[in-house]
Amino acid sequence: MLKKNLFTSLLLGSALLLSACGSNDTSGQNSGEEESWSPKKPIEMIAPAGAGGGWDTTARTISKVMEKENIIDKRLAVANKPGGGGAVGWSYINKKGGNHTLFVTSPPILFVPLNGQSDLGHNDFTPIAGVIADYSAFVVPANSPYNTMNDLVDALKEDPSSVSVVGDSSPGSMDHMSFVKAVKAAGVDIKQLKYVSAQDGSGMSMLLGNKVDVYSTGLAEATEQARAGKVKVLAITSPEPLEGETVSEFPTLKEQGIDGEFVVWRGIMGPKDMDPEAVSFYEQAVKDMMKTDEWKTQRDNFGWKDNYMSSEEFQDFLDQEYDTMKKLMDEVGIAK
């Protein structure tokens, strides 16, 4: 009888132990699932400028590829928040916070705070990933008397204030500074340049309406109108000629004897308070997107170059770029 009771006790003990182990395994699996973050609702992708600009084009391309390739199973809706060279959009993102708001960024996140137009800078947001390298383009109407960048430089040397240059960014920001850097390298007196700021995104319409002489813009904006035969691209700021339909026809500054290279990097950032798990999720989503054939087709269509950086690499890059841009703006007397 004693042996029987002992045997029964051992069986019960084993059953309880197995039950406990099974319970622990299930608990561990559930815990792991809870820690794996994914979007719970549609994601808002902010382009801090008007429709048709570089931020807008990049945001909509990323959204299109992400949705088409099912990289993220939630809608990635693009919203434009123009104004202040990006500052209006940054203020919106800063106030909204959370894990479901992203925005496309580029050099103005450094320029605009440096020229005193925004209290928010790159360290007030969370870097997600670097995505592309783009370039600036200097564009004139198809009937312009300027046929090369050197034609324009000659006119600027004779009278810097005789030529009006428009950009969709604020004075001291990207469109302005890329042009300043180029013509400074060509020997123009940059302090007398006539720069017009069209922060509502109307730069191209002003050019086509003959209200200004030159449009300093991104490569994508220039390419579309060049294909339509409405503008001439005098120069682009890439270090070497680009490959691809139409863009391969655009001369670089260096090909015209001007050492004025300017890279327009673009990436994705989020609010300051993003969860690290959300950052990792979006970082991986960008990496997966950039491997797709659809992304490569869109990228080549705009003449972009892949420029992937992880969240940590992007933060280090932004810190270094901030120091570089501050020195450039100090040199031309724009930094506040």
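In helix H3 (residues 87-96), the buried residues are Ala87, Gly89, Trp90 and Ile93. Buried stands for under 20% relative accessible area, exposed for over 50%, and partly exposed for what lies in between (1.4 Å probe, protein chains only). Seen down the axis of H3, these buried residues fall within an arc of 155°, so they line one face of the helix. The arc is taken from the directions that run from the helix axis to the C-beta atoms. Helices (H or I, at least four residues) and strands (E, at least two) are DSSP runs numbered from the N terminus.

This is a predicted model, in which local features need pLDDT of at least 70 and side-chain atom pairs count only at pLDDT 80 or more, while totals for chains, interfaces and linings use all residues. Residues are numbered from 1 along each chain as its sequence is written, and side-chain values use heavy atoms, with hydrogens and water left out.

The buried residues of H3 pack against strand E1 (43-47), H2, strand E3 (101-105), H4, E4 and E9. Contact here means heavy atoms within 4.5 Å. Gly97 follows H3 and has a positive phi, near 60°.

The largest pocket holds about 530 Å³ of space. Of the 34 residues in its lining, Gly52, Gly53, Gly54, Asp168 and Glu221 are the closest to the centre. Two or more lining residues come from each of helix H2 (54-68), helix H6 (174-185), strand E7 (214-218), helix H8 (219-227) and helix H10 (293-302). H8 gives the most, with six residues.

The second largest pocket holds about 170 Å³. Its lining consists of Lys181, Glu261, Phe262, Val263, Trp265, Phe317, Glu321, Thr324, Met325 and Leu328. Strand E9 (263-271) and helix H11 (311-331) each give two or more residues to this lining, and the largest share, five residues, comes from H11.

| Pocket | Volume | Lining by class |
|---|---|---|
| Largest | about 530 Å³ | 11 nonpolar, 17 polar, six charged residues |

A pocket is an open set of points on a 1 Å grid over the protein atoms alone, where a 1.4 Å probe fits and protein lies on both sides within 12 Å along at least five of seven lines; lining residues have an atom within 4 Å of a point. The volume is the space filled by probe spheres set on the points. Ala, Val, Leu, Ile, Met, Phe, Trp, Tyr, Cys and Pro count as nonpolar, Asp, Glu, Lys and Arg as charged, and the others, Gly among them, as polar.

### Residues in loops

His122 lies in the loop between helix H4 (108-114) and strand E4 (125-141). His122 is buried, with a relative accessible area of 5%. Not counting residues up to four places away in sequence, His122 touches Ile109, Leu110, Met269, Gln315, Leu318, Asp319 and Tyr322. The side chains of His122 and Asn123 are joined by a polar contact of 3.4 Å.

Most residues other than glycine have a negative phi. Asn210, which is not a glycine, has a positive phi of about 60°. Asn210 sits in the loop between helix H7 (203-208) and E7 and counts as exposed at 53% relative accessibility. Thr246 also has a positive phi, near 75°. Thr246 is in the loop between strand E8 (231-236) and E9, and at 10% relative accessibility Thr246 counts as buried.

Notes:
Polar contact = N/O pair within 3.5 Å; in protein donor to acceptor, adjacent residues only side chain to side chain.
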